[in-house]
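Open the structure in your viewer and keep the selection tool at hand. This tour goes stop by stop, saying what to select and what is there.

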Amino acid sequence: MSATNQTVLIVDDDPSVRRSLLRLMRHAGLKALAFASAEEFLEKQSTALLHPACVVLDLRMPGLSGLELQQKLSMDSTPCPVIFISGNGDIPATVKAMRQGAVTFLMKPFDNDDLLHAVAEALEKHRALLDSESQVRAIRERMSELTERERKVMSWVITGALNKQIAAELGIVENTVKVHRSRVMEKMRVVSVAELVRVCAQAGFAAAKGGRTILI
Amino acid sequence: MNWMTVTWPMVIGACVTLALINLRIAMGASRRAPHVFFFASALAVAAISGMELALLRSDNLGRTQTILRWAAVPIAIMVASVAGFVRTFFGTGRLWLVLTGAVLLVSAQIANLVGEVPLVRHAVALRQVGTFGGVQCTVPVVVGGPWTLVEIAAVAVVMAFVFDASLALWRRGGRRRAVIVGLSVIFFFLVSRGHAMLVENGTLQTPYFVSFAFLAVLIAMGHELGYDVLHAARLSNDLQTSEQRLHQAAAAARLALWEWDIRKDRIWAPNEERMLYGIAPEEEIDFKRFASTLHADDREAVKRAVDEALVGPEPFAAEYRVVLPDGTVRWIAAGGRVDRDAQGHARLLRGVSMDVTERKRVELEVAHLSRVSILGELSGSIAHELNQPLAAILSNAQVGCRSVGSAQPDLTEMAAIFDDIATDAKRAGGIIHGIRAMFKKNTPAEPHSVDVNEAVADTVNLLHSEIVIRKVHVDLFLAESLPPVIAGRAEIQQVLINLILNSLDAVNAGTVPARIEIATVRRGGRVIVSVRDNGVGITAEVMPRLFEPFATNKPGGLGLGLAICRRITDRFGGVLSAENHPEGGAIFRMALSVTDAQKAARN
């Protein structure tokens, strides 16, 4: 938890609460920023969310409410995890917050340890999210090096089709398929078809369709 | 001693008795003129009767002549008195007729008295007349003078006047009285005059009976007068009964009647009323004594209400506290009307008092219950407000604990932590204090001086999370250096909470971005707090009944809030009003009186 690039973002309209939470985070060795409203948060945070972060969010605030800010955050590709804190959480609001993927919902006054645990969990979650996101980005980069024909071949390879079948499907000779295939494995930096299938799935690359007739 | 010397004195006695009875009545009656005229005419008839007897027994022409001359005076008085009686008793008749008659009569009699020889009735000889029982009497042989016609004309004019007055009374509905008095006056006058003339010219061989005829007139007049006296007695009896009924009804309704004679500064009050104020049954009461029974804080307001009623068109109405000698405080509601004289000056203030202590107690209870129920509805918001500082305190305390346990505690940081904890604890305490004041029952029951701006700010703070969750923008426009008002802090906050919650409901139902404006401003002796929203406004249907209980257009609303608010402002002599703003939404205004000290300072 001592990583320097991770931030706890506190959004609460109550100055006392902001002050005490900033102090808590400081003592826990966490970098923290506080905002008095959802609007201020949206305006001022710019780079924090690129690194592992979490938002400690008050439910009731003038202007944009906690739930609305959470909704906005959830549209991000690597949504920053949210920990809700509220002075008086009603059940519908709690349910909605959890459905929208909140890490947890703490009732004020809460125990510092509970909040710190939730913060740790949230930071870890975001880190993992960002990590997987960076892997996908790498895979996509590799994919972009493939030629059109190689992509076509790859889309057939990951269906488990044999070279012969792919050749028939694409109307080319089997040897050419073999060449393309080895280029794909090389460019995608994988050694097995199984691994190729995994990275394609991770990057959301779709397998080819319509191979069934040839298989029979 | 014969029948003559008995009968005439009896007539005299009867006339004097009637005269004295009516003199006595005249002294006590409110309408004394008819009695006075009756008294004069009865005495005149007594005199006439005496002279008549002397005339009948005279055996000397010179004496007879003197008596005849002087008898004209009581006759004139009699005629004039009867005319006066008719005019005052009937209230009708033409003044010019009676004046003409009087002038003719008086001039004829003066002429008769002062002339060398009598100018109206001149006795030229004496004549013996025998009556029954062998009693002899003397009657004069009378010839007319040059003024005789004037005297006859005078009597005729008076009779015409009586006839005219009777006719007018008849037309007005007083038929019995017109017939009995009017006809008997005319009939017996004409009979006596005619009879006397026939006796005097020797046609009839009888004595004079003038006084008998006049006695008949007197009896007719006395009958009607007596009827009036009887009627008045019956009326007074009825009045007493009805007054008794009124008192019983008033007592049953727990109302006490009173009357204040403003000029004499005397207050009349029956025992029920005195008991309400703790005043002894026989004690005399003036305004000062009444004021002395009032609670010191209410004295000014009551005096003001009385002064306003004395000059203004509105009836007197006030609710005040009375402190009984044993220290018990009682709430009294009083109302009354001012009775004015022809010039419009206040003469009397008549009214009723009612003990409303129980009603006041219930009102306070209802206001308190409504306050508690509002706090119940707001419990979530209140919890939220309270949990903010508590969250900060807990977090700070835990951080502090851990720091103390570390190898090198940072003392500057520790000081900051303690400082923060203290600040937040005070804040939490303030919220609890405010809620406790709202929860408290009837305290302080006495109106005290309240800072309206502070009450507004505290109320908005209390409702902070309610306002936040409903996404309403609240603007405060609080006038600077506002004087304190006379009211109850908890009650004023209660009214404000009601108004703001109503506005919150109204703006949430609307479509435009919700706004509420709360403003305070001084207007003369009053401070006005207004709560304006841009919501749906008040429907025309609800508007007239807005402050009545159970009038609501809120689904699920009980409709008691505004009714209670109005009661509260009424209690402090304030005004609560509502209207729709021309630009949409509703605006509620609460006007409260500035404390007297402040008013004095301003003046």
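**Stop 1: a hairpin in chain B**

Start with β1 and β2 of chain B, which form a hairpin with five residues between them. Click on B:G133 in the turn: this residue has a positive phi of about 80 degrees. Keep in mind that the model is predicted.

Now colour the two strands. β1(B) covers residues 121–130, and β2(B) covers residues 136–144. They run antiparallel, joined by nine bridges. For one of these pairings, select B:H122; its bridge partner in β2(B) is B:V143.

**Stop 2: two packed helices**

Select α3(B), residues 61–90, together with α4(B), residues 95–114. How are two packed helices described? By the angle between their axes and the distance between those axes. Here the angle is about 170 degrees, and the axes lie 9 Å apart. The two helices, α3(B) and α4(B), are therefore roughly antiparallel to each other; angles over 145 degrees count as such.

Show the side chains where the helices meet. From α3(B), the contact includes B:R69, B:A72, B:V73 and B:A76. From α4(B), pick out B:V98, B:G101, B:A102 and B:L105, among others. Which classes of residue make up this contact of α3(B) with α4(B)? There are 11 nonpolar, three polar and two charged residues.

**Stop 3**

Is B:E52 buried or exposed? B:E52 counts as buried, because 25 C-beta neighbours lie inside 10 Å. The cut-off for buried is 20 or more.

Next, show what surrounds B:E52. Beyond its neighbours within four places in sequence, B:E52 is in contact with B:W8, B:Y208, B:V210 and B:S211. Draw a distance from B:E52 to B:W8: the two are 44 residues apart in sequence, yet 8.2 Å apart in space, C-alpha to C-alpha.

Now move to helix α1 of chain B, residues 3–28, and click on B:G13. B:G13 counts as exposed, because it has 12 C-beta neighbours inside 10 Å. Exposed requires 12 or fewer.

**Stop 4: an open sheet**

Stay in chain B and select β9, β11, β12, β14 and β13. That is the order in which these five strands form an open sheet, with mixed pairing. Which strands stand at the edges? They are β9 (473–478) and β13 (575–580) of chain B. Each has a single partner strand, so one side of each is left without a neighbour in the sheet. From one strand to the next, the twist averages 15 degrees.

Zoom in on β12(B), residues 526–533, and β14(B), residues 586–593. These two run antiparallel and are joined by seven bridges. Select B:R526 and look across to β14(B): B:S593 stands opposite.

**Stop 5: chain A**

Switch to chain A. This chain has 10 helices and five strands. Of its 216 residues, 35% count as buried. Take the contacts in chain A with a separation of 6 or more: residues 24 or more positions apart account for 65% of them.

**Stop 6: the nonpolar cores**

Select A:V11, A:C54, A:V55, A:V56, A:I83 and A:V119. In the largest nonpolar core, which has 88 residues, these touch the most other members. Helix α16 of chain B, residues 489–509, gives the most to this core, with nine residues. Apart from this core lies another, of 72 residues, with B:I67, B:L104, B:A123 and B:V217 among them.

Return to A:V56. Leaving aside neighbours within four places in sequence, A:V56 is in contact with A:V8, A:I10, A:L21, A:I83 and A:I85.

**Stop 7: where the chains meet**

Show both chains. Here 21 residues of chain B are in contact with 18 residues of chain A. Select α12 (379–405), α13 (411–439) and α15 (464–469) of chain B: each gives two or more residues to the side that touches chain A. α12(B) gives the most, with 16 residues. Colour this side of chain B by class to finish: nine residues are nonpolar, nine polar and three charged.

Key
Residues numbered from 1 in each chain as written. Chains lettered and ligands numbered in written order. Predicted model: local features only at pLDDT ≥ 70, side-chain atom pairs only at ≥ 80, totals over all residues. Pairing = 2+ DSSP bridges. Helix = DSSP H or I, 4+ residues; strand = E, 2+ residues; numbered from the N terminus. Axes fitted to C-alpha atoms, helices over the stretch in contact; angles between N-to-C directions. Core = buried A, V, L, I, M, F, W, Y, C linked by C-beta atoms within 7 Å. Contact = placed C-beta atoms within 7 Å. Nonpolar A, V, L, I, M, F, W, Y, C, P; charged D, E, K, R; others polar. Parallel < 35°, antiparallel > 145°, perpendicular 65-115°, else oblique.
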